[in-house]
Amino acid sequence: MLSLSDKKKEIVIITLIIFFSLFALWLRLIPMLNLGNSDILTLVGSDDPLYNLRQVEQVLHNFPGYAWFDAMTHFPDGDFIYWGPLFTYILVIACMIAGAVTRPEIIGATLLVPPILATILVPIMYYVGKSCGDWKTGLLSSGFIAVVSGQYFYRSFYGYLDHHIAEVFFATIFCLTYIYALKEARAAEIDIKNKGSLKKPALFAFMAGIAYLLGLFTMPTMILFAMIVAIFTLIQFVIDFYRRDDSKYLVLINSVIFGVAVIGLLLFGIKSMDQISLAVYSVGHIYAYLSLIGGTLALWLVAKALKTHNRHIYPLLLVCIGGAVSLFLLILSPDIFNLLITSFFAFFGQAAEVLTVQEARAWDISMAWQTFNYGLVLMAFGLVILAYKNIKEEHPHQVFALVWSVIILISTWQHIRYEYYLAVNVALLSAVTVTFAFDISWPDISRRIIRKSAATPGKEEQVTVTPEGKRGKRGKKERIKQDARQSDRTLIQYGVLFLISVVAILFVITSVNYSYTNASSGVIQMNPDWRESLEWLGNNTPSTGVDYYAIYEQKTYKYPAQAYGVMSWWDYGHMITFLAKRIPNANPFQRGVAGDTGAASFFMTTSEDAANTIADKLGTQYVITDIEMDSGKFWAMSTWFNNSKGITPYQTYFAVPDPTQSSAYEQVLLNNQNYYLTMVSRLHNFDGSIAQPDQIYYIEYIDPSISKVSIPVVTNAEVMNATAAKIRVSQYNLKAPEGYHAVAMSPAIYLPVDTVPALRHYRLVHESPTNVFNVKIPDIKYVKVFEYVKGAHIKGEGMIEVPIITNTGRTFTYRQQSVNGEFIVPYSTTGCPYNVRATGNYRVVGKDKQYAVSEEAVVNGLTVS
């Protein structure tokens, strides 16, 4: 024990917790402190945070109403809101307290909530750590959680407004109260006949049930912690059976907790009546909680019936019963089987499309180390230490902490989004490790301090000669050997304490540095080009007729006749809703992305007719592209379009020999003609105009089967005229040996391999100011807005063209080759309502006649003579 009195120790603990809390708050408020006179909207994350703000605005206009259906997204179906209202109401209450009314005031008030929740979690972590160890473990846990970086910090700092921090907050409170319930139940020696033994465990179980409900009303993914309880319950029953302990305390705790959950959810209301799923507020949750209660009771009854049998019988019988129940459900109730069994295993799986969603991707070692760095080392030791302690002397609450940590670790490895949950476990287990190292070393340190303080300077130790003589000498030698062994053990203990302390200090320093850098560098900055373009869209396009603030019922709502959709990649859906108050066809819920009429199909198709069919079915009137869709996000769109082929039909990675290093290669991505024929490329790169090839690459390469390199290796590359390149390709491939090939490719998004036909129904109506190349030619803007129109019909043959000037002053010529003796042109030469407009009439190349095209003709598909 430390020499401080209990009162002084308590003051020190409180002081340090306050310091940790204030430090955590300061670290998260750095973006606000650095804001200066900038617009606060620039700090807000552009996906889910904007939608949370949209919900806050809607609830403030309809308080206390909450919309479970949103007509302002995923046109023409609208979208069901699958998460709960609790976090939204917390934000709304914060606005009411602050008196926030305008959009900047609402943003300012709500952005404070995530940092505050993270700050409150610091003292909560003290009690989590203390319950799993002692006051030192608690203090270290609170200190570590204050500085831990990665997704947890990202989701809780000023600028990222999302419910994930609330998920962590309520889930941690649930685990804390569950741990207290376990400790109280074991200490009370549960006896059904003795009601006094039930009070405290039942009270903490009730509190855990309330905490579970709060987490559930934040997000249905709280079911993850019911799964953790279920797995822990199974493991703990086996442990108790081996130790011949009665597990009825688990029956009491789980029954109370999930009984509260069932009652609370029924009072809350089932929000999704047409499906049985754990991802939404469906009756599936009721089935799951009742199954957990019934399963716990069944485990206890089986254990009671087998209490005099061999210890190995129980787990073997449970395996048999589990298999029989699963088979029974599979045959008689496939829906329940899928709910309870299939979804359990599916949770730990990966789909190809999910890999394109950043927060749903799998973890890897490099990402893990970047986030938690030296904390991973401490966490690993913490898992071993908890397991070791419970092998010697089992404690159910520590077994729960162990299971909790392992399941969250596995979950994070499968889906990086759960990293924000794992931060709590990293902090806790790191504290367990440091405390353990201190505890094994402190007795000897304390003893030496006491000896040193008790010793009198200037006196030597008196040696008493015993009458036994030689025996006394042998005893002295034995004591010397014991002292030597003790000294060796002491050195090892000191070494362990020193190394663990160094790792802990590195964990803190690295985490603080990483978090501070992210907070100071403006990691969340709204893209100014997107903001400019969407504000333009909101001010210069027709109203959809849908009230942005109104709450509609999904079953009865019908869109007004003038409503329309805005097609863009799903990443930008919430921005379109919040900034432009227009309705996206696809959104960050990944709705409207996949399928024959999804955004992926629209942008990846090489047929304008196919794109038009999609636009007609979805009621699309405007299309927005950006340079990221055209380049960095192209692989994501192609994966959603065809998850087995991905970018293969459009682009190829080649290995190019590095001239500075033998046997070394540089990886280069080149485009084939299919890339340039996709709708996203034809719109963004060529403004919908015909594009002719110029200089391209003639490439000779060998297959990986021959080169033993993972991707094709380039053996020859030449820049040449497109026509000459295609001739060379044909000649080479006719005579090439097996595994050797030639192909025509292009490295630049604006240099097609072959002719790209013009789009006849899409006209540029706005572009953002930034040229992504930072040069005059090529001049491709970051964001472009197109309108889908019927187009005016002009009879004729050949190539028609019209000069265009954009809102940024950029000029280009729209050209189109006739099809079946006709042109269908998207730009009007008179009456255009946009700042992107024609500066002259249409003319067929090589002919004198010009054509004036009215806006009416373009909009209504009229024929112009």
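This briefing describes the fold, sheets, helix packing, cores and backbone particulars of the structure above.

The model is predicted: local features require pLDDT of at least 70, side-chain atom pairs count only at pLDDT 80 or more, and totals for chains, interfaces and linings use all residues. Residues are numbered from 1 along each chain as its sequence is written, and side-chain values rest on heavy atoms, with hydrogens and water left out. The protein holds 31 helices and 19 strands; these elements are DSSP runs numbered from the N terminus, helices being H or I of at least four residues and strands E of at least two. Of its 865 residues, 53% count as buried, where buried means under 20% relative accessible area, exposed means over 50%, and partly exposed lies in between (1.4 Å probe, protein chains only). Among contacts in the protein with a separation of 6 or more, 73% come from residues 24 or more positions apart; a contact means heavy atoms within 4.5 Å.

- Strand β4 (residues 620-626) pairs with strand β11 (residues 783-788) in the antiparallel sense over five bridges, and Tyr622 has Glu787 in β11 as its bridge partner.
- Strands β10 and β11 are also paired in the antiparallel sense over five bridges, and Glu787 in β11 is the bridge partner of Arg763.
- Strand β11 is mostly covered, six of its six residues being buried.
- In a regular strand, side chains alternate between the two faces of the sheet.
- Val783, Val785 and Glu787 point one way from β11, whereas Lys784, Phe786 and Tyr788 point the other way, and all are buried.

**Three-stranded sheet**

- A further open sheet has three strands in the order β15-β12-β19, with mixed pairing.
- Strands β15 (822-825) and β19 (863-864) stand at the edges with a single partner strand each, so one side of each has no neighbour in the sheet.
- Strand β12 (residues 792-795) is joined to β15 by four bridges, and the two run antiparallel.
- Ala792 stands opposite Val825 in β15, and the bridge partner of Ile794 in β15 is Phe823.
- From β15, Glu822 and Ile824 point one way and Phe823 and Val825 the other way, and all are buried.

**Helix packing**

- Helix α11 (residues 223-242) and helix α12 (residues 248-268) pack at an angle of about 170°, with their axes 11 Å apart.
- That angle makes α11 roughly antiparallel to α12; under 35 degrees counts as roughly parallel, over 145 as roughly antiparallel, 65 to 115 as roughly perpendicular and the rest as oblique.
- Ala226, Val229, Phe232, Thr233, Gln236, Phe237 and Asp240 in α11 meet Tyr249, Leu250, Val251, Asn254 and Phe258 in α12.
- The residues of this contact between α11 and α12 divide into eight nonpolar, three polar and one charged; Ala, Val, Leu, Ile, Met, Phe, Trp, Tyr, Cys and Pro count as nonpolar, Asp, Glu, Lys and Arg as charged, and the others, Gly among them, as polar.

**Nonpolar cores**

- The largest nonpolar core has 254 residues, of which Phe174, Phe225, Tyr289 and Trp404 touch the most other members; such a core is a set of buried Ala, Val, Leu, Ile, Met, Phe, Trp, Tyr and Cys residues joined through side-chain atoms within 4.5 Å.
- Helix α9 (residues 164-188) gives the most to this core, with 14 residues.
- Another core lies apart from it, with seven residues that include Leu27, Ile30, Phe157 and Ile524.

**Backbone particulars**

- A cis peptide bond joins Phe75 and Pro76, with omega about 10°; Pro76 is in the loop between β1 (69-70) and β2 (79-80).
- The peptide bond from Ile777 to Pro778 is cis, with omega near 0°, and Pro778 lies in the loop between β10 and β11.
- Asn373, a residue other than glycine, has a positive phi near 40°; Asn373 lies in the loop between α16 (365-372) and α17 (375-392) and counts as buried at 2% relative accessibility.
- Lys708, also other than glycine, has a positive phi near 65°; Lys708 lies in the loop between α29 (704-707) and β8 (713-721) and is exposed, with a relative accessible area of 70%.

Definitions and conventions:
Pairing = 2+ DSSP bridges. Axes fitted to C-alpha atoms, helices over the stretch in contact; angles between N-to-C directions.
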